[in-house]
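Here are some short notes to read beside the model. Please keep the 3D view open as you go through them.

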Amino acid sequence: MGLKAGIIGLPNVGKSTLFNAITNSHVEASNYPFATISPNTGVVNVPDNRLDDLVSIFNPKRRIPATVEFIDIAGLVKGASKGEGLGNQFLANIRVCESIVEVVRCFLDPDIIHVDGSVDPIRDIDVINLELVMADLEVVNKRMEKVATKARVNKDKESQLEMSILTPLQEAFLKGIPARNLTWTEEQLTYMKANYSLLTLKPILYVCNVGEEDLLDLDSCANYQLVKEYAEKEGNEAIPVSCQIESELSELSKEDREEYLGSLGIKEAGLEKVIKATYKLLNLSTFFTVGPDECRAWTFTNGMLAPECAGIIHTDFQRGFICAEVYPYEAIEELRSETAVKEKGRVRTEGKNYLVKDGDILFFRFNVSKNG
């Protein structure tokens, strides 16, 4: 789908360590600011037990999971919106992402330098929020200079629509409030996304980088609890992760990882939670195609119709779409074979207006003439 999640945070909070673990790559993760200058990009598999189950049923030649793309963006500092710390470059890298994964330092370690000299997760979040808000305020102010007169004097309808968006944005930004925290109509949201590329309109996920001991007793981790409460007030999610543990886990085999997690009393690796939450943050879901050659998870944006999903596989499928044969994953999970699913009447034929659902197993019928 080409959708990207940008990993951001202040310097030395664990961004690059998290990125290394997520992508099992090895970008620089040094103990000083600006260790990461150019953004690093990695495409990672989305963990999905349903695909594993389908593979066990169909025993295909190939197993192809859904993926999500992460970009490790260099650390922001105070004044980034004014160009401090290579800020303009960093902000531009965030602007091309569809969502933000903000790593917040919650662990205490005197040997790891904090850019502000002490660990205070809410202060760190506020620093980044302010820089993103100030960058967006500059965009809004420039746009208002161009359309305000048209809206007021010429009564231009599009300019009036813009001013109905720009005015509350400007008021919110002057108070340090992100665009995502305001209430918008569907028309306003669509217009903003198409025309402004606002940093603070992007959905956000907080990853709380805690110490190993904290991970085992999160109720006693005051810094994590502060971020969790902050995120909940915004309607967002805060996921506790020990980036150091995840880095170590990423070097192990699947069996060794499971054994290590078991020894810590942890059921699911933090990285899996982050990847799944990011997938959800991007408003993505999964449909499957199955058979003896291949079981594959396909990524689609929620709200897509059957022909659009067919087009994800191949443009010809969308162009010549006839219908889709559909059954839910739960049907084959229960009955354990496609033949049984068909015999039980669980397979449906859906047309062009069918809204594809997460977990649908699809077979597309199409016809494209040679003349096209």
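1. The model is predicted. Begin with the elements around the largest cavity. Strand 5 (99-105) and helix 4 (121-152) each give at least two residues to its lining. Strand 5 makes the largest contribution, with four residues.

2. How many cavities of 30 Å³ or more are there? The count is one. The volume of the largest cavity is about 30 Å³.

3. Now find the lining in the 3D view. The residues that line the largest cavity are Gly9, Leu10, Val13, Glu102, Val103, Val104, Arg105, Asp124, Ile125 and Ile128. Sorted by type, the lining has six nonpolar residues, one polar and three charged.

4. Move on to Thr200. Where does this residue sit? Thr200 is in the loop that runs between helix 6 (186-195) and strand 6 (204-209).

5. Is Thr200 buried or exposed? Its relative accessible area is 1%. The cut-off for buried is under 20%, so Thr200 counts as buried.

6. Which residues does Thr200 contact, leaving aside its neighbours within four places in sequence? They are Leu132, Val133, Asp136, Phe173, Pro178, Ala179 and Arg180. Check each one in the view.

7. Look again at Ala179, one of those contacts. A polar atom of the Thr200 side chain lies 3.0 Å from the backbone nitrogen of Ala179.

Methods:
Residues are numbered from 1 along each chain as its sequence is written. This is a predicted model: local features need pLDDT of at least 70, side-chain atom pairs count only at pLDDT 80 or more; totals for chains, interfaces and linings use all residues. Side-chain values use heavy atoms; hydrogens and water are left out. On a 1 Å grid over the protein atoms alone, a cavity is a set of points where a 1.4 Å probe fits but cannot get out, and a pocket is an open set with protein on both sides within 12 Å along at least five of seven lines; lining residues have an atom within 4 Å of a point. Grid points are joined across faces, edges and corners, and a volume is the space filled by probe spheres set on the points. Ala, Val, Leu, Ile, Met, Phe, Trp, Tyr, Cys and Pro count as nonpolar, Asp, Glu, Lys and Arg as charged, and the others, Gly among them, as polar. Buried means under 20% relative accessible area, exposed over 50%, partly exposed in between (1.4 Å probe, protein chains only). A polar contact is a pair of N or O atoms within 3.5 Å; within protein, one must be able to donate a hydrogen and the other to accept it, and residues adjacent in sequence count only if both atoms are side-chain atoms. Contact means heavy atoms within 4.5 Å.
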